[in-house]
Amino acid sequence: MALLAVKNLSIGYQTKDGMVKAVDNISFEIEKGRPTGFVGESGCGKTTIGMTLMGLLPENGRILGGSIDFQTHDLAQLNENQWRTIRGKEIAMIFQAAMNALNPVMRVDEQVIEAIVTHTPDILLGDLDKRINELFDLVEIPRARMKDFPHEYSGGMKQRVIIAMALACNPQLIIADEPTTALDVIVQDQILKEIDAIQKARNTGMIFISHDIAVVASVCVDICVMYAGQIVEMGTREEVFGSPRHPYTRTLLGSYLSLDNQSTVIIPEMREAPDLSAGNGCCRFAVNCKICSNACNTVVPQWVNISKTHRALCCDETTIRKFNE
Ligand SMILES: Nc1ncnc2c1ncn2[C@@H]1O[C@H](COP(=O)(O)OP(=O)(O)O)[C@@H](O)[C@H]1O
Ligand SMILES: [Mg+2]
């Protein structure tokens, strides 16, 4: 059984112009030991999914429909008291740019201790000591540096502390939201290797969010490509990146493939930003799509199954099947 099963989940934000559907009818499953990457450009709804899975939507955010099965709960129905037994304990998140949120006047080990004690208030002192040493070893920060202040750490070390805090209570599911975006490429690479190793050693479930295909490809086994609040293609890494079917995935990958060939980078041609308040159910990518026909503006796109694990959301089944054959 899947660790997490999301079905037909829609999430909206109340704004002065009405309800904006930031996530529109998405379904996916997460299994232990199969890190799943969510990739797509800024604003497509990735962080909204992460925050919903932590019960941390802002005031104006609402779950509009669907279910989120995790252990014996439907997370879409939990109240705040119930969330406290899950958030940080069973499901933990490495937040976007969190390394800048470490408390500057508190020693690093104290901040990790706080994360442990918040969720396990009755932990014995000896166990706490053991746990903190384990965590610093796990993220490869020398014990001699545990009592430093955050400003004495490099960016990579700060991000390791954030990872240690997320791991503090042995969560079943870890959500990493752009965990390496603020780091330079060499450090990014080290942190990605570390996340990969930790995930394998702990056999946790993992959702890995990034706008960067290369980053997602280096860590994840399964991939969900998002566009304008929808998952438009899903499959294994080899399927989605090796044989992309959805026109948006192909555009997204096009910019990387040309980088590899050292030719000019093709910036995806997006004529218009998607309108998230449009609710007619038709294809949100149509306005930017190279294979779009009139039908795409009048019918609701359907999932086209390419294999047992690989599928793409499109109105043009024939073309989708033809790609790469
Ligand atoms: N608190 C909010 N109020 C209104 N709209 C929001 C809020 N947070 C995010 N959004 C909108 O929801 C969409 C998805 O945002 P987000 O989940 O942050 O995307 P991503 O993480 O993929 O960049 C965007 O259009 C964004 O402007
Ligand atoms: Mg985000």
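Me: What order do the strands of the open sheet have?
Reply: This is a predicted model, where local features need pLDDT of at least 70, side-chain atom pairs count only at pLDDT 80 or more, and totals for chains, interfaces and linings use all residues. The open sheet has eight strands in the order E6-E7-E8-E3-E9-E10-E12-E11, with mixed pairing. Strands (E, at least two residues) and helices (H or I, at least four) are DSSP runs, numbered from the N terminus. Two strands pair if DSSP finds at least two bridges between them.

Me: Which are the edge strands?
Reply: Strand E6 (91-94) and strand E11 (302-305), each of which pairs on one side only.

Me: How much are neighbouring strands turned against each other?
Reply: By 20° on average, direction ignored. Axes here are lines fitted to C-alpha atoms, for helices over the stretch in contact, and angles run from 0 to 180 degrees between N-to-C directions.

Me: E3 and E8, parallel or antiparallel?
Reply: Parallel, over four bridges, with E3 at residues 36-39 and E8 at residues 205-210. Thr36 has Ile207 as its bridge partner in E8.

Me: What holds paired strands together in general?
Reply: Strands of a sheet pair through backbone hydrogen bonds, either parallel or antiparallel.

Me: How is residue numbering done?
Reply: Residues are numbered from 1 along each chain as its sequence is written, while chains are lettered from A and ligands numbered from 1 in the order in which they are written.

Me: Now Val232. Which strand is it in, and is it buried or exposed?
Reply: Val232 lies in strand E10, residues 230-236. Val232 counts as buried because it has 26 C-beta neighbours inside 10 Å. The cut-offs are 20 or more other C-beta atoms within 10 Å for buried, 12 or fewer for exposed, and partly exposed in between, with C-beta atoms placed from the backbone.

Me: What does Val232 touch?
Reply: Not counting residues up to four places away in sequence, its contacts include Tyr227, His246, Phe285 and Leu313. Contact means that the C-beta atoms, placed from the backbone, lie within 7 Å.

Me: And Cys314, what is it in contact with?
Reply: His246, Pro301, Val304 and Ile320, leaving aside neighbours within four places in sequence. Cys314 lies in strand E12, residues 311-314. Cys314 counts as buried, since it has 26 C-beta neighbours inside 10 Å.

Me: How far apart are Cys314 and Cys296?
Reply: 8.4 Å in space, C-alpha to C-alpha, and 18 residues in sequence.

Me: Switching to ligand 1. Which residues come nearest?
Reply: Tyr13, Ala22, Lys46, Thr47 and Thr48, out of 14 residues around ligand 1. A residue is near a molecule or strand if its C-beta atom, placed from the backbone, lies within 6 Å of it.

Me: Which element gives the most to that shell?
Reply: H1, with three residues. E1, strand E2 (18-30) and helix H1 (46-53) each supply at least two.

Me: Where does E1 pair?
Reply: Strand E1 (residues 4-15) runs antiparallel to strand E4 (residues 61-70), joined by eight bridges. Ala5 has Asp69 as its bridge partner in E4. Asp69 also stands opposite Asp74 in E5.

Me: What about the hairpin of E4 and E5?
Reply: Two residues sit between the strands, and Gln71 takes a positive phi near 50°. E4 and E5 (residues 73-74) pair in the antiparallel sense over two bridges.

Me: How many helices and strands does the protein chain have?
Reply: Ten helices and twelve strands.

Conventions. Two residues are in contact if their C-beta atoms, placed from the backbone, lie within 7 Å.
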